[in-house]
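Here are my notes on this model, for when you have a minute. I'd keep the 3D view open while reading.

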Amino acid sequence: MASFATGDNTSSDSSSDTESVSSPSSSNSLSGFESDASTETETSDSDSSSSSANSTDDENTTGSSTLQEATNSSGYETNEKLELPLLNPRKQRARLIQNLLKRNAPDEDNGGDEDGDNGLECSLCMQNCEMSGEHRLCSLKCGHFFGESCIRIRLKESACPECKTKARQRHIRYLYAKRLKVIDRSEEQRVREQLRQERIRTQILEFELDSMKMSYADVMKKMQQLEANHVTLRGSLERSDVESSYEKLEENVMASNGDSGYSLVLDRNIAISRKPCCRIMKYADKQTKLIVSQKGFFPGYGLRLMNAPSFESSNYLYTSQKMVCDITMSAEQNLIAVASKERSSKLFDLRNYQAVTVFKPGKVPILSCAISSCQGNENELFLGSHQGCIYVYDIRNPGNYRQEHKIVEDTTPVIQIEIVKESLDFPCGGFIICQKTSLWFYEIRHSRESGVLATCLISQENIVSMNYNKEAQTLLVQLGTSLRQHRMRHILGKLTKLNATPTLQILEVYYAKTSSPVTSRSTQIRLNNNNIVAAYAQDQKLLSLFATNETNQLSIQSYPVTKIIYDLCPIYMNDLTYLAALNKSKCFIYKLSKSGSLM
């Protein structure tokens, strides 16, 4: 057992912070060491208490002295003196235990981690990863960390041991950082993203506010102009004491079977199909057949042919899988072409009711068609597409189209095509193209090399349909409602030339009472050298006749119709004039006659 000695207060104060226990035997027998130290401390305390009480207080204040325990290299005890502080046994014991705990505590530079020097532990072998060697730190593409030697063995299963994501040997990535510290900035990024979205919304709202302010200013300016025009027109009407044309129109529309000079009598009611899908109707003068589109008895659509004047069904032609949009005929060649919403158009022979050929201009649906009746161009077929293109085919060569016409300013669908025969103004004829928002006339030049000349007749309007009378050379255009016009209009005009430019000379404009949400085609009837416009008003369920006599007096006669009318077609036969009105499943035949003079 080593001997203990006490030093003076100065030596004990200077060596109090460098206590050490170097003997293995003393560290292994901590309890015995503590008991001897307590005995020696008690003896020292008794001697010092008898000499002076102040020395004990000084020793307790300055701290503890240095404990030196010397051992030789073989581990045996020596006779070297060890210094012990003059402290309370309990404080001495707590001091020793605290020093031992500090020695066994992990290094502060290691970050307090239990995984080793670099703070990362392989989850497979539970050993620390190294910066080099076989067990160096690496990761997979999924982001999990392993030791290289361990993960190469486990990758034989072709999956990550942690998340089971597919992985291969080539997916191993080496990491060269000694310490990895991940900072979670997800909340900051979320707040930044919200701030960015709010700034974008603020900019959009500011832009919309500026646009609304500009629109409001324009509307207020237009309102002021309209108010000024209204005051001016009202003043002129009061001065001239002229009846309003709209009030006059109201009276005429409400009049039924008055002194108009024409009368409509329902001749017969023909049931076309049980399936309500009838839309288009044409009459072949030479063949005396009424052709009506309908839905067939099996999937698909076709044409019902009825013989006049009995109007009995004679044949049925299957045309396509989709609804028929337009029909055109060539009376001289006994041919009929059909355009549906499909990408092709079929040509049929009326003599054997068989399909002659099929025309496929492209991948765009075909909505309209027309066969030329001009001299020298009897074999030309015009097809109108959904994108505003017009394809010109030669019936004898259906492989490729000869010409393609397209209006750059208007790419709306071509809903109708009408052929214009030769005349004094147009020696080679031409054709009229009706699109959703514009109406164009293509004049054929004398030389084929010159091609055609396109002229816009009507633009920026909501066009519903058109009807061209080849004998009278008059054109009827039906316009829907728009921002400028809140009522439907029927414009009757004649195609002429003004200063070598084709123009539409407007003869009459007939206003309907209100708009019609259903697309209903109007038509013109030629009777006793007078043009009569027949139209259907859906809101009032009236079939109206508009006519103007030689003294420019307007006559309107309306007849109640319980069913919605989709198409109207005049029929001239045996010096009699009929008007066919097509419903979704029936056809009404009206007999038109003159009962008196026009008012």
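Predicted model: local features only at pLDDT ≥ 70, side-chain atom pairs only at ≥ 80, totals over all residues.

1. Numbering starts from 1 along each chain as its sequence is written, and side-chain values use heavy atoms, with hydrogens and water left out.

2. Now look at C138: its bridge partner in strand 4 is F146. Three bridges join strand 3 (residues 137-139) to strand 4, and the two run antiparallel.

3. Zooming out, the open sheet has three strands in the order 4-3-5, with antiparallel pairing. Strand 4 (145-147) and strand 5 (173-174) are at the edges with a single partner strand each, so one side of each has no neighbour in the sheet.

4. Next, the largest pocket, with about 1,200 Å³ of space. A pocket here is an open set of points on a 1 Å grid over the protein atoms alone, where a 1.4 Å probe fits, with protein on both sides within 12 Å along at least five of seven lines; lining residues have an atom within 4 Å of a point. Which residues lie nearest its centre? They are K282, Y283, D285, Y468 and K470, out of 42 lining residues. Elements giving two or more residues to this lining include strand 7 (281-284), strand 15 (366-371) and strand 31 (567-573).

5. By class, the lining of the largest pocket has 17 nonpolar, twelve polar and 13 charged residues. Domain 2 (259-285 + 464-598) and domain 3 (322-460) each give at least three residues to that lining; the domain bounds come from an automatic or database assignment.

6. The second largest pocket holds about 660 Å³ of space. Its lining has 27 residues, and I415, K436, V464, T519 and R521 are the closest to its centre. Strand 11, strand 19 and strand 23 each supply at least two lining residues.

7. Last one: is S344 buried or exposed? S344 sits in the loop between strand 12 (335-340) and strand 13 (345-349), and it is buried, at 13% relative accessible area (buried means under 20%, with a 1.4 Å probe and protein chains only). Leaving out residues up to four places away in sequence, S344 touches V358, F359, K360 and I366, where contact means heavy atoms within 4.5 Å.

Methods
Pairing = 2+ DSSP bridges. Helix = DSSP H or I, 4+ residues; strand = E, 2+ residues; numbered from the N terminus. Points joined across faces, edges and corners; volume = space filled by probe spheres on them. Nonpolar A, V, L, I, M, F, W, Y, C, P; charged D, E, K, R; others polar. Buried < 20%, exposed > 50% of the residue type's maximum accessible area, 1.4 Å probe, protein only.
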